[in-house]
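Trainee: I would like to learn how to read a model like this one. Please take me through it feature by feature.

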Amino acid sequence: MNSIGVIGYGDVGEVIAEASARRGYAVTVTNRSTAKLQDGRVPSDLTVVETPAGVVQRSDLTISCVWPATAADVATRAANGFVDGDTQWYYDL
């Protein structure tokens, strides 16, 4: 596993993303409002994409850190990013 994706860059997602990057993983993140991610809050070693599917496309492991009320919708949108034949994992916190 070389890459980790994080959907939801709130308190939990931020900790997971930044800790993963410090350990050498390529990290991709998104948030429901990606404008908040463009304001310099995200370290330069993380990649920001617009959609949950975009995170999944770039990641061996995707961790969803969203509110329970939105988790099913986010998982549905993320599913479009899975690549046939690749081993990819999706974990919902």
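The dialogue below goes from the whole chain to one strand and then to one residue.

Mentor: This is a predicted model, in which local features need pLDDT of at least 70 and side-chain atom pairs count only at pLDDT 80 or more, while totals for chains, interfaces and linings use all residues. Residues are numbered from 1 along each chain as its sequence is written, and side-chain values use heavy atoms, with hydrogens and water left out.

Trainee: How many helices and strands are in the protein chain?

Mentor: Helices (H or I, at least four residues) and strands (E, at least two) are DSSP runs, numbered from the N terminus. The protein chain has three helices and five strands, in the order β-α-β-β-α-β-α-β from the N terminus on.

Trainee: What radius of gyration does the protein chain have?

Mentor: The radius is taken over C-alpha atoms, and the globule rule is 2.2 Å times the number of residues to the power 0.38. For 93 residues a compact globule would have a value near 12 Å, and the protein chain agrees, with 12 Å. Its C-alpha trace spans about 35 × 30 × 20 Å along the principal axes.

Trainee: What percentage of the residues is buried?

Mentor: Buried means under 20% relative accessible area, exposed over 50%, and partly exposed in between (1.4 Å probe, protein chains only). Buried residues are 41% of the 93 in the protein chain.

Trainee: Which residues of β1 point one way, and which the other way?

Mentor: Ser 3, Gly 5 and Ile 7 point one way, Ile 4 and Val 6 the other way, and all are buried. Strand β1 covers residues 3–7, and five of its five residues are buried.

Trainee: How many bridges join β1 to strand β2?

Mentor: Two strands pair if DSSP finds at least two bridges between them. Here five bridges join β1 to β2 (residues 26–30), and the two run parallel. Within β2, Val 27 is the bridge partner of Ile 4.

Trainee: Is Thr 30 buried or exposed?

Mentor: Thr 30, which lies in strand β2, is buried, with a relative accessible area of 2%.

Trainee: Which residues does Thr 30 touch?

Mentor: Contact means heavy atoms within 4.5 Å. Not counting residues up to four places away in sequence, Thr 30 touches residues including Val 6 and Ile 7, both of which belong to β1. Also among them are Leu 37, Val 49, Thr 51 and Val 55. Across the whole protein chain, 57% of contacts between residues at least 6 apart in sequence join residues at least 24 apart.
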